[in-house]
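Subject: Handing over a structure

Hello,

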Amino acid sequence: MSFRPKKPRPSPDLEGERPAKPARVPTPEEARDNLLAYAFRALGARALTAAELRAKLQRRSDDEALIEQVLERVQELGYQDDAQVAQAEGARRGIGGFRVRQTLKRRGVTAPLIDETMQARDPDDEQTSATELLSRRWPSLSRKRDPRSSAYGFLARRGFPGSVIWNAIREVSAEHIDDEDAVEPEFIDDDE
């Protein structure tokens, strides 16, 4: 392989060089189609709320009327629906009501829709979910210096309320204490 030196590039301020072609400005229909295609790609990756999709579209275009038009079209076709996003978030297992509410607020869902989602959650289901989650994590938490405090923090970070957390801790710790008592004693040799 032989070495060939690169040809020197002329500097842009030299005379005689052709100016670059100006970028072609898209027509309004092309701009709308491009923004609509971007919206579909964004929604294909993840279910977005109207506020999240609007923020993404605003990064691509300064035309508020065009953004609203694209947002309305996407909603009209059924690709974006805040109620479906809220319902999916409310149905997630392993997280409590506080976290659901906080996540929906952060994602820009309206307050009435958040309230509706929270009322649709079953409190017994939340208690069961917290107990099952803690049951799976208890072996590692029980090795800590203060397992109840660690368990409380673990469930609180997942958005469960204090009453649900304490009930889950009582149930799981009592269950594991009973399991430890049920362990057979060591084998005793009767020959001695």
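This is a predicted model: local features need pLDDT of at least 70, side-chain atom pairs count only at pLDDT 80 or more; totals for chains, interfaces and linings use all residues.

Residues are numbered from 1 along each chain as its sequence is written, and side-chain values use heavy atoms, with hydrogens and water left out.

**The chain as a whole**

The protein chain has nine helices and zero strands, where helices (H or I, at least four residues) and strands (E, at least two) are DSSP runs numbered from the N terminus. Read from the N terminus, the elements run α-α-α-α-α-α-α-α-α. Of its 192 residues, 32% count as buried; buried means under 20% relative accessible area, exposed over 50%, and partly exposed in between, with a 1.4 Å probe and protein chains only. Among contacts (heavy atoms within 4.5 Å) with a separation of 6 or more, 58% are accounted for by residues 24 or more positions apart.

**Two helix pairs**

Two packed helices are described by the angle between their axes and the distance between the axes. Here the axes are lines fitted to C-alpha atoms, for helices over the stretch in contact, and angles run from 0 to 180 degrees between N-to-C directions.

Helix α4 (residues 82-90) packs with α5 at an angle of about 155 degrees, and their axes are 10 Å apart. The two are therefore roughly antiparallel to each other; angles under 35 degrees count as roughly parallel, over 145 as roughly antiparallel, 65 to 115 as roughly perpendicular and the rest as oblique. Their crossing is right-handed, a term used if the near helix is turned clockwise from the far one by less than a right angle, with anticlockwise being left-handed. On the α4 side, A86, E89 and G90 meet V100, T103 and L104 of α5. By class, this contact of α4 with α5 divides into three nonpolar, two polar and one charged residue. For those classes, Ala, Val, Leu, Ile, Met, Phe, Trp, Tyr, Cys and Pro count as nonpolar, Asp, Glu, Lys and Arg as charged, and the others, Gly among them, as polar.

Next, helix α5 (residues 97-106) packs with helix α6 (residues 111-120), again at about 155 degrees and with axes 10 Å apart. That makes α5 roughly antiparallel to α6. The crossing of α5 past α6 is right-handed. From α5, G97, V100, R101, L104 and K105 meet I114, D115, T117 and M118 in α6. This contact of α5 with α6 has four nonpolar, two polar and three charged residues.

Leaving aside neighbours within four places in sequence, E89 is in contact with I95, V100, T103, L104 and R107. The C-alpha atoms of E89 and R99 are separated by 9.7 Å, and these residues are ten apart along the chain.

Y38 sits in helix α1 (residues 28-45) and is buried, with a relative accessible area of 14%. Not counting residues up to four places away in sequence, Y38 touches K56, L57 and R60. From Y38 to V70 is 32 residues in sequence and 9.9 Å in space, C-alpha to C-alpha.

S61 belongs to the loop between α2 (50-60) and α3 (64-76). With 13% relative accessibility, S61 counts as buried. Beyond residues up to four places away in sequence, S61 touches L35, L66 and I67. S61 and L35 are 26 residues apart in sequence, with 7.8 Å between their C-alpha atoms. The side chain of S61 also reaches the backbone nitrogen of D63 at 3.2 Å.

Best wishes

Terms used
A polar contact is a pair of N or O atoms within 3.5 Å; within protein, one must be able to donate a hydrogen and the other to accept it, and residues adjacent in sequence count only if both atoms are side-chain atoms.
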